[in-house]
Amino acid sequence: MNLRALPFAVLAAALALAACKPQPGAPAAQDAQPQPAPAAPAAAPAAKPAAGQADDNLNAVLWMQRAVEYRASTETIYRAAADKLDQALKQPNWDALVPDERGNAAKGLKPAVIMDVDETVLDNSPYQARLVRDGKEYDEATWDAWVAEKKAKPLPGVVDFAKAAQAKGVTILYLSNRAVHLKDATLANLRSAGLPVADDQVFLGLGTVVEGCEQNGSEKNCRRLLAGRQYRVLMQFGDQLGDFVQVVANTPEGRDALLQQHHDWFGERWWMLPNPSYGSWEAMTFNNDYSQPREARRAAKRAALDVAP
């Protein structure tokens with residue numbers, strides 16, 4: 001998901017209700033990204049806790065880095081997807097794009113798989129860990145600096161899946177909410193991590209111009225439409241709902257409706273990776289408003305807890 005940027009359309013819907021982007025206090029959105037939260041307006045900077053104070057993200061990041069259960073989860077997903085690959089290839093009408101994002105016939109096109117990058121292919125938990133350690137939240141400067149380091153490691157299972165897909169003639173497309181100016185560093189990181197990169201055109205970052213389609217914020221529908229013009233998309237992988245389909249209203253009702261509408265595609269055409277660290281699911285709880293102070297957002301999240309009264 002770019003890790004942190006919430007889709008403009010989502011934000012607009014949320015603001016309308018108050019009058020999901022992926023790459024959070026942690027990073028697009030999917031995603032939304034994977035996804036980093038949009039920066040708060042300069043006029044209302046969010047208060048940041050001092051290093052060492054309680055951080056909402058501590059357990060989530062620790063789990064992603066230290067729990068064998070996390071590694072087992074990602075390997076399970078990628079192995080299961082690999083088992084479905086031959087079935088997808090053999091069925092000429094198999095397509096992982098929703099009809100609204102398929103502008104042309106898919107039959108006869110070269111096969112491809114769409115993969116979000118952050119927390120789907122590459123593990124950015126060290127960046128999140130630094131934020132926890134330093135008592136900070138996501139911002140574009142520190143995120144860009146992290147991407148430039150090219151230190152993100154592949155999620156367990158993803159390299160084996162991607163190489164198996166490549167061996168079957170399937171192109172891997174990296175549809176990310178990392179901005180287009182981060183393309184070179186991202187592709188270098190993917191290659192060093194062992195992921196197949198056919199050419200520079202397989203990176204569809206935030207800011208990619210799609211003729212005939214107007215992109216709203218960090219939503220990915222235009223870039224999925226672009227991918228569909230050249231490929232029959234067999235599968236999509238992501239860690240945010242917006243990595244698979246456009247999230248028009250990032251509300252509990254809107255998200256539940258999308259899940260129910262496309263329920264049967266998960267585990268066949270769509271593959272969701274676990275990401276407890278950030279995402280539009282978190283922003284939903286505080287009305288997608290990152291301009292609120294951190295404590296106000298935390299209070300809204302606490303209020304959203306189900307305590308079975």
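This is a predicted model: local features need pLDDT of at least 70, side-chain atom pairs count only at pLDDT 80 or more; totals for chains, interfaces and linings use all residues.
Visitor: Let's start inside. How many residues does the largest nonpolar core have, and which have the most contacts inside it?

Guide: The largest nonpolar core has 63 residues. F161, Y174 and F237 have the most contacts inside it.

Visitor: Which helix gives the most to this core?

Guide: Helix α3, residues 68-90, gives the most, with six residues.

Visitor: Take F237. What is F237 in contact with, leaving aside neighbours within four places in sequence?

Guide: The list includes Y78 and A81. It also includes V113, I114, M115, D116 and T120. F161 is there too, along with F244, W271 and L273. Recall that F161, like F237, is among the residues with the most contacts inside the core.

Visitor: Now charge. What is the general idea behind a salt bridge?

Guide: Side chains of opposite charge can pair when their charged atoms come close. In this model the count comes to 19 salt bridges.

Visitor: Show me one. Where do E268 and K84 lie, and how far apart are they in sequence?

Guide: Their side chains meet in a salt bridge at 3.4 Å, N to O. E268 lies in the loop between α9 (252-261) and β7 (270-272), and K84 lies in helix α3, so the pair ties together parts that are 184 residues apart in sequence.

Visitor: Are these two side chains buried, exposed or something in between? What is the relative accessible area of E268, and of K84?

Guide: E268 is partly exposed, at 30%. K84 is also partly exposed, at 21%. The cut-off for buried is under 20%.

Visitor: What about R178 and D118: which parts of the chain does that pair link?

Guide: The side chains of R178 and D118 meet in a salt bridge at 2.8 Å, N to O. R178 sits in strand β4, residues 171-179. D118 sits in the loop between β1 (110-115) and β2 (122-123). The two are 60 residues apart.

Visitor: Is R178 buried or exposed? And D118, buried or exposed?

Guide: R178 counts as buried, at 0% relative accessibility. D118 is buried as well, with a relative accessible area of 0%.

Visitor: Where do R297 and E137 lie?

Guide: R297 and E137 form a salt bridge through their side chains, 2.8 Å from N to O. R297 belongs to helix α11, residues 294-303. E137 belongs to the loop between α4 (125-134) and α5 (140-149). They are 160 residues apart, and both are buried.

Visitor: Which residues are linked in a network of salt bridges?

Guide: D56, E282, E295, R298 and K301 are linked in such a network.

Conventions:
Residues are numbered from 1 along each chain as its sequence is written. Side-chain values use heavy atoms; hydrogens and water are left out. A nonpolar core is a set of buried Ala, Val, Leu, Ile, Met, Phe, Trp, Tyr and Cys residues joined through side-chain atoms within 4.5 Å. Buried means under 20% relative accessible area, exposed over 50%, partly exposed in between (1.4 Å probe, protein chains only). Helices (H or I, at least four residues) and strands (E, at least two) are DSSP runs, numbered from the N terminus. Contact means heavy atoms within 4.5 Å. A salt bridge is a side-chain nitrogen of Lys or Arg within 4 Å of a carboxyl oxygen of Asp or Glu.
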